[in-house]
Amino acid sequence: MTIALDRPTAATRTAVLETTGLRIGYTGRDRTRRTVVQGADLRLEAGRTLALVGQSGSGKSTIAAALAGLLPANGTVESGAIRLDGVDATALDERGWRALRGGVVGTVPQDPLSSLDPLERIGTRLVRTLALHAGLPRAARRVRAVELLRAVGIRDAEERLRAFPHELSGGQLQRVLIALAIAGRPRLLIADEPTSALDVTVQRTILDLIRSLQEQLGLAVLLITHDLALAAERADEVAVLHDGRIVDQGPARRVLEQPEDAYTSTLFATAPALSPDRYGDRERARSAEDVVVVRDLVKRFGRGAPAVDRVSLTVTRGEVHALVGESGSGKTTVARAVAGLTAFEGSIAVEGTALAADPPRSNPHPRLLQLVSQNPLAALDPRFTVRRAVEEPLRVHGGGNRAQRRERAEAVLDEVALPDSLRERRPHELSGGQRQRVAIARALALAPRVLLLDEPTSALDVVVQAQIIDLLMGLRERECLSYLVITHDLSLVRQIADRVTVLEHGRVVESGPVRGLFAAPAEEYTRRLIAAIPRGLG
Amino acid sequence: MSAVLHRIRSAPRTRPRLGVVDVLALGVLALVALAIVAPGVLAPADPLEAVPGGTLQPPGSAGLFGTDYLGRDVLSRIVHGTGRTVLASSIAVAIGLGAGSALGLIAAYFGGWADAVVSRVVDVLLSIPGLLLSMVVVVALGFGSTNAAIAVGVASIAAFARLMRSEVLRVRELGFVESARHLGVRPWAVLLRHVLPNSAAPVLSMTALQFGNAILWIAALSFLGYGAPPPLPEWGLLVSEGRGYLSSSPWLTLLPGLVIVATVVAISRVSALIAETRRTRP
Amino acid sequence: MRLRPAAVLRRLGQSALVVALTYVLVYAVLFLLPGDPIRSRIDNPQNPIPEEQAEAIINYYRLDLPPLEQFWLSVTRLLQGDLGYSLTNGRRVSDLVAQGFGETATLAGVALLVSAALALLIALGAVFAPWARLRGLFRTLPAVALATPGFLIGLVLLQVFAYQLGWFSSIRDEGARSLILPALTLGIGASAPIAQVLIEGLESAWREPFATVLRAGGFPRRSIIGRHVLKNGAIPAVTLLGLTVGELLAGSVIAETIFSRTGLGFVTEQAVRAQDGPTVLAVVMVVSVVFTLVNLATDLVYPLIDPRIGGPRSARIRPHREEIAA
């Protein structure tokens, strides 16, 4: 009878995870305390998913670490309480945590590629994990290991036991890590950005796997993500974290449709996946004038299949042309060839000027087309101030005397809206968004007609992303620029591009106007890419 | 020199927070500098003057560091030996840095054949341990403190060449160098404006480190009797001279030895400081 | 996990080239620079070599030939195993080297073990010792050891253990016991760079996400360190093996001088003092060959230690078909 009494009913169900007034802080090197989580109240029941959403630095990963007792040595829970499956875990020591890890709390890490010991075979690790948690007899562990691998969708599981981590792809590794996380039959699964290091089409399958395991095992899932649309699609409840505070919390639908907080509404308004029509008025008659013409571009690295295989595309004046593909699709190689940074076969012409197939070390046509790269911190000399960086191209190309150059530099910096007070700073003294503005200004200094944007926002937080996109779209309008945008983010393509070319394994899969392509993709691969965009509330 | 200092100042850096060890290190180097510039201030006596009555006095009673087998004041000999030791190390580092970075730069900048040739030469030089290589050069040139310095310099060429080459190659692949090329900046301007300034920090740090190494190697050559001839006070020679009295008067060996250790530790600390504060972010 | 034969052959060729070029370079420095050591040695008024032996040496080295032909002569003789004659005592250089090599190889071998053990101890202390101050103390040890001249370490050991404590004799040959102090002298010096690389390796392995994931999986700290961090962190130190062996052999010059031993180091010390070119050349070549062989062996063994290196590319499982289909 007692058993029946203890069994939780829907009404009195105990929470698997419960935090009350959780405050977490770090001690800096100079002994100063910094509180990064300021009073978080979270509650999560078995079989439910709670998404913790926030940008980098919001404190979401700190909470994730604290819930598994994995705060770094200088981090401490200052006040509040953590209860895991009924156990007070607030002040556990390492031994106490070890009893909870694996058996009560399972974790799925962010970057599967570096999350397994490269020297240990997958099978050894699974068997050791089972020995630690499952209490199986030795002989049964191997069998169970195979079962687990099958359960997470790894084929040839028997054979894969002998594999080393480097022999598996990122998606397969993440599956193995999920298998490891559930090996000890935990009650709570903490997934910290479980797909951010994976290709878009793989992301979806991993999230589907987590959901199906959740249903089978009755897991409570805490999903940590920066991606609002993804949170809205995958979670029952959402908690939005901003500067260490939970600013909005509730059922996913309510948070999405009626955000209680200004910051949350900004987030939703700016996420490309949730606001596809932000620049909706952009459909204009395209000019017939071709600015970038790529014909049968081929690029080989060593022997084997070429990295880029007979790629052709055309950018016309004033349009935003998106080149889309996953990692390894060859899109970056195409960009480098168009920018004159690598040798190629085939032909590339910009504004009617043919590029040399084996480009010289110094670009002879900097005024035709400029590249804005993915990582502005790397693209700016750490020793140059903002002004000096922007003046450099003018100095090289005889842009008048010193005063004229300064005037031009100030003008482009005004154009990208970089405050005057930041212009004597060096790159590492700027934020990511500010750096990207400087990189854009530098590219604009010589007044090129075409900008090649290589993942221009992938290193930035959502809100900043939106600001940079706003800036770029405004510039295009004012300066009548044409853009070739390289990206893996289809939601961004849908938001800003006029036409799109889809690459897979170095070949063009499909190409056409964005509207048409999104409405009716002709190819299976394109369909998969489009399906991978989180839909928000499904 | 002032140009170099200026560039250091304008470099991106996290301002170092000097710890106790750093302050101590700088203090040791200040003493070394003083011993070079004005040995008379630190040395209580004439380093060459023998006092027949006061031989092998332990530290304390007769002078801070005691006296040697001729009654000469050990502290004074160490202080007066500083200039010679540091000069020899400077020669060695100048040779290593000059020849090494020129070779490394040629290899990295021209690539192809030049790189292949330089890389093989560097391989060969690295396949002979430094001490042995400097002995080879000493055999060829003859004994003496300048020859020992040259020998040590030759032995450190490979390390500088390899570092310079790899630094230039590393920096040349960084995004901002590509960005400059893309903006049409000429190759030599890219090298002077972007590549060299950004590879300076590791080379500078290595120079300091090699300076310490040079002191050690030159001391080793002197200890073996291939360097400065007696009675000139050179640090390694001082340790060597004390060897015969090791069991009865160990301070003759230990004190000059500890001065070497303190100096080299201080230099390596400063080298680490340079590396820490001026690291180019990738 | 296997190296392709072509790659092994290439690597062998490289090693042979380095050794050959080393011979050319050292020969050039010793004999082709102005001031021929053989001639000046024999013309030296304090020359200990008797008249007729000097005559024989001059005839042997054919000093009348142009330099390039002399070099060629030395190469052909080298290929026949003839390393020439010592300029100090007229003995065959190959005998001198062979005689000293065994003793020094034993010394270097023991010193290598000492240095590996010390380095491991220091690195573990520096990364995993319980208190920050203790870790800091361990961390400074390699820097201090690097700044200490080898001869000072030797003299301090001699002073403390032989003179003060009387545990060892400074003169008598006590067999294996006599190895201890010189091996410690060499080992302490050689342990410093290994410890530094180990500390860095252990720290970076400990910082790797996989270590956190292991903790998150409930594995105890001891097993994470022993089974994972140590293995991963020690791999970079393996590449130091060749360098260490080279330094130990070179360092034997000083250790053998201090502890009055008669190995290769002693031979070298005498040869340099007497500017005995042929002997110095032979010693340098022996060290260079050992260094190159150890490096070659390290490179060939490396793929066995680290499965990521040298693995056949085809084994890499291609794209994500599987996930996509699933």
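The chat below goes through the chains one at a time and then turns to a few residues.

Visitor: Before anything else, what kind of model is this?
Guide: This is a predicted model.

Visitor: Start with chain B. How many helices and strands does chain B have?
Guide: Chain B comes to 12 helices and 0 strands.

Visitor: What size of box do its C-alpha atoms fill?
Guide: Along the principal axes, the C-alpha atoms of chain B fill a box of roughly 80 × 45 × 25 Å.

Visitor: And what share of chain B is buried?
Guide: Of its 282 residues, 52% count as buried. The accessible surface of chain B is about 11,400 Å², and 68% of that belongs to carbon and sulfur atoms.

Visitor: What about charges on chain B?
Guide: Chain B carries 21 positive and 13 negative side chains. The centres of the two sets lie 13 Å apart.

Visitor: Where does UniProt put transmembrane regions in chain B?
Guide: An unreviewed UniProt entry places the feature "transmembrane region" at residues 20-42, 86-110, 122-142, 148-164, 214-232 and 252-275 of chain B.

Visitor: How much helix is there in residues 122-142 of chain B?
Guide: That span of chain B is 81% helix and 0% strand. Its end C-alpha atoms are 24 Å apart.

Visitor: And residues 252-275?
Guide: Residues 252-275 of chain B are 100% helix and 0% strand, with the end C-alpha atoms 36 Å apart.

Visitor: I clicked on B:S205. Where is B:S205?
Guide: B:S205 is in helix α10 of chain B, which covers residues 187-223.

Visitor: Is B:S205 buried or exposed?
Guide: B:S205 is buried, because its relative accessible area is 11% and buried means under 20%.

Visitor: What is B:S205 in contact with?
Guide: Leaving aside neighbours within four places in sequence, B:S205 is in contact with B:S271, B:I274 and B:A275. The UniProt record lists residues 252-275 of chain B as one of the transmembrane regions, and the end C-alpha atoms of that span are 36 Å apart.

Visitor: On to chain C. How many helices and strands there?
Guide: Chain C comes to 14 helices and 0 strands.

Visitor: How many residues of chain C are buried, as a percentage?
Guide: Buried residues make up 46% of the 326 residues in chain C. Chain C exposes about 15,800 Å², with carbon and sulfur atoms supplying 64% of it.

Visitor: What share of the contacts in chain C join residues at least 24 apart?
Guide: Taking contacts between residues at least 6 apart in sequence, 71% in chain C join residues at least 24 apart. For chain B, counted with that cut-off of at least 6, the share is 70%.

Visitor: Which residues of chain C does UniProt list as transmembrane?
Guide: The unreviewed entry gives "transmembrane region" at residues 12-33, 107-131, 143-167, 237-259 and 279-305 of chain C. Residues 12-33 of chain C are 95% helix and 0% strand, and the end C-alpha atoms lie 31 Å apart. Residues 107-131 of chain C are 88% helix and 0% strand, with the end C-alpha atoms 36 Å apart.

Visitor: How many residues of chain C are in contact with chain B?
Guide: 40 residues of chain C are in contact with 40 residues of chain B. The area buried between chain C and chain B is about 3,500 Å², of which carbon and sulfur atoms give 81%.

Visitor: Which three residues of chain C supply more of its share of that area than any other three?
Guide: They are C:F151, C:L155 and C:V272, which supply 16% of the area that chain C buries against chain B.

Visitor: What is the phi of A:D85?
Guide: A:D85 has a positive phi of about 50° although it is not a glycine. A:D85 lies in the loop between β4 (75-84) and β5 (87-88) of chain A, and is partly exposed at a relative accessible area of 30%.

Visitor: And A:D156?
Guide: A:D156 also has a positive phi of about 50°, and is not a glycine. A:D156 is in the loop between α5 (138-151) and α6 (157-160) of chain A. With a relative accessible area of 47%, A:D156 is partly exposed.

Methods. Residues are numbered from 1 along each chain as its sequence is written. Chains are lettered from A and ligands numbered from 1 in the order in which they are written. Side-chain values use heavy atoms; hydrogens and water are left out. Helices (H or I, at least four residues) and strands (E, at least two) are DSSP runs, numbered from the N terminus. Buried means under 20% relative accessible area, exposed over 50%, partly exposed in between (1.4 Å probe, protein chains only). Contact means heavy atoms within 4.5 Å. Accessible areas come from the Shrake-Rupley method with a 1.4 Å probe; for residues, only the protein chains shown count as cover. Lys and Arg count as positive and Asp and Glu as negative; His and the chain ends are not counted. The place of a charge is taken as NZ of Lys, CZ of Arg, CG of Asp or CD of Glu. UniProt positions are given in the numbering used here, feature names are shortened, and annotations may be inferred rather than shown by experiment. Buried area is the accessible area (1.4 Å probe) that two parts lose on being put together, summed over both.
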